[in-house]
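The following report describes a protein chain residue by residue and element by element. It begins with a single side chain and then moves to strands and helices.

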Amino acid sequence: MTAQIIDGKAFAATVREKVAGHVTRLKEENGITPGLAVVLVGEDPASQVYVRSKGKQTVEVGMNSYEHKLDADTSEEDLLALIDKLNNDPAVHGILVQLPLPGHLNEDLVINSIDPAKDVDGFHISNVGLLGTGQKSMVPCTPLGCLMMLRDHHGSLSGLNAVVIGRSNIVGKPMAQLLLGDSCTVTIAHSRTKDLPEVVRRADIVVAAVGRPEMVPGDWIREGATVIDVGINRIERDGKNKLVGDVDFESASKVAGAITPVPGGVGPMTIACLLANTLTACCRANGLAEPDGLTA
């Protein structure tokens with residue numbers, strides 16, 4: 001068996017196209033332009049690249065992009081004051097504070113100072129609680145992207161056995177909640193799980209989000225299972241830098257029914273879903289119908 005490749009790059013392009021269409025209609029019919037504000041504190045190179053990409057894609061789908069770049073030694077008071085200003089700005093529908101923050105800033109305090117309705121990362125404790133209790137919330141972008149791809153591939157996820165490897169607040173836990181919401185039977189596995197290979201072998205769906213390069217070999221994968229690889233790990237192989245996932249793609253792709261590659265799988269979906277969340281937040285703020293197929 002050779003697995004079907006789930007092309008996240010192509011899927012993300014489709015999501016952005018849908019978002020752009022909704023944005024155009026919002027402008028024409030309601031005179032509203034969704035706005036996304038991104039706050040970057042410090043000079044982290046990876047964060048700078050990511051923020052530039054977010055700003056570029058925001059503009060490309062017709063939204064307003066507001067970038068706030070602050071010095072690494074910015075005080076907590078000043079950062080919180082900026083967030084308060086953005087919370088009260090009607091032109092801003094989504095607020096994202098790029099992580100990680102410099103060590104002197106309390107990330108939990110900063111994230112929880114964002115208006116939950118504008119928390120397009122879905123990290124605010126209120127959104128976490130709403131998601132956990134099956135209520136309408138802002139959903140973290142990476143798990144939302146994974147869910148979209150799974151729904152597209154399977155249609156209904158009802159009754160499928162899903163194993164999420166990893167229990168982070170950013171991916172593992174919200175991913176499990178989303179799968180439960182679609183009536184999967186969900187197991188959250190992690191480093192302390194006994195007989196992890198056997199747990200994974202029972203799964204129709206495997207979502208790997210542990211941050212360990214090629215940790216999951218093909219012989220852990222049930223024949224025909226769908227594998228969503230969230231990991232992005234930079235390793236050196238044959239004297240060259242290479243990006244690999246948390247799953248050993250070469251061996252897993254020989255037994256899986258479908259699999260996301262790294263790069264080109266889950267990664268492109270994260271920013272696409274950030275744009276979708278910003279659109280959703282804008283629609284909710286204005287009492288308009290939410291975009292179909294772009295929410296959990």
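With a relative accessibility of 7%, His124 counts as buried, a term that stands for under 20% relative accessible area, with exposed meaning over 50% and partly exposed the range in between (1.4 Å probe, protein chains only). His124 sits in the loop between α4 (107-111) and α5 (125-132). Leaving out residues up to four places away in sequence, His124 touches Ile111, Asn112, Ile114, Pro116 and Asp119; contact here means heavy atoms within 4.5 Å.

The model is predicted, so local features need pLDDT of at least 70 and side-chain atom pairs pLDDT 80 or more, while totals for chains, interfaces and linings use all residues. Residues are numbered from 1 along each chain as its sequence is written, and side-chain values use heavy atoms, without hydrogens or water. Helices (H or I, at least four residues) and strands (E, at least two) are DSSP runs, numbered from the N terminus.

**The six-stranded sheet**

Six strands form an open sheet in the order β1-β11-β8-β7-β5-β6, with parallel pairing; two strands pair if DSSP finds at least two bridges between them. The edges are β1 (4-5) and β6 (185-189), each with a single partner strand, so one side of each has no neighbour in the sheet.

Strand β7 (residues 205-208) is covered on both faces: Ile205 and Val207 on one side, and Val206 and Ala208 on the other, are all buried. In a regular strand the side chains alternate between the two faces of the sheet. Strand β5 (residues 161-165) runs parallel to β7 and is joined to β7 by four bridges. Within β7, Val207 is the bridge partner of Val164, and Ile205 is the bridge partner of Ala162. Four bridges also join β7 to strand β8 (residues 226-229), again in parallel, and there Ile205 stands opposite Thr226.

Helix α6 lies across β1, β7, β8 and β11 (258-259) and runs at about 160 degrees to β8. Helix α7 (residues 172-181) also packs on the sheet, where it touches β5, β6 and β7, and its direction makes about 170 degrees with that of β5.

**Strands β2 and β4**

Strand β4 (residues 94-97) has both faces covered, with Gly94 and Leu96 buried on one side and Ile95 and Val97 buried on the other. Strand β2 (residues 35-41) pairs with β4 in the parallel sense over four bridges, and Gly94 is the bridge partner of Leu36.

Axes are lines fitted to C-alpha atoms, for helices over the stretch in contact, and angles between N-to-C directions run from 0 to 180 degrees.

| Helix pair | Axes come within | Crossing angle |
|---|---|---|
| α6 (residues 141-154) and α10 (residues 267-285) | 8 Å | roughly 100 degrees |
| α2 (residues 45-60) and α10 | 10 Å | roughly 50 degrees |

From α6, the contact uses Cys141, Thr142, Leu144, Gly145, Met148 and Met149, and from α10 Met269, Thr270, Cys273, Leu274 and Asn277. This contact has seven nonpolar, four polar and no charged residues. Ala, Val, Leu, Ile, Met, Phe, Trp, Tyr, Cys and Pro count as nonpolar, Asp, Glu, Lys and Arg as charged, and the others, Gly among them, as polar.

In the other pair, Tyr50, Ser53, Lys54, Gln57 and Thr58 of α2 meet Thr270, Ile271, Leu274 and Leu275 of α10. Those residues divide into four nonpolar, four polar and one charged.
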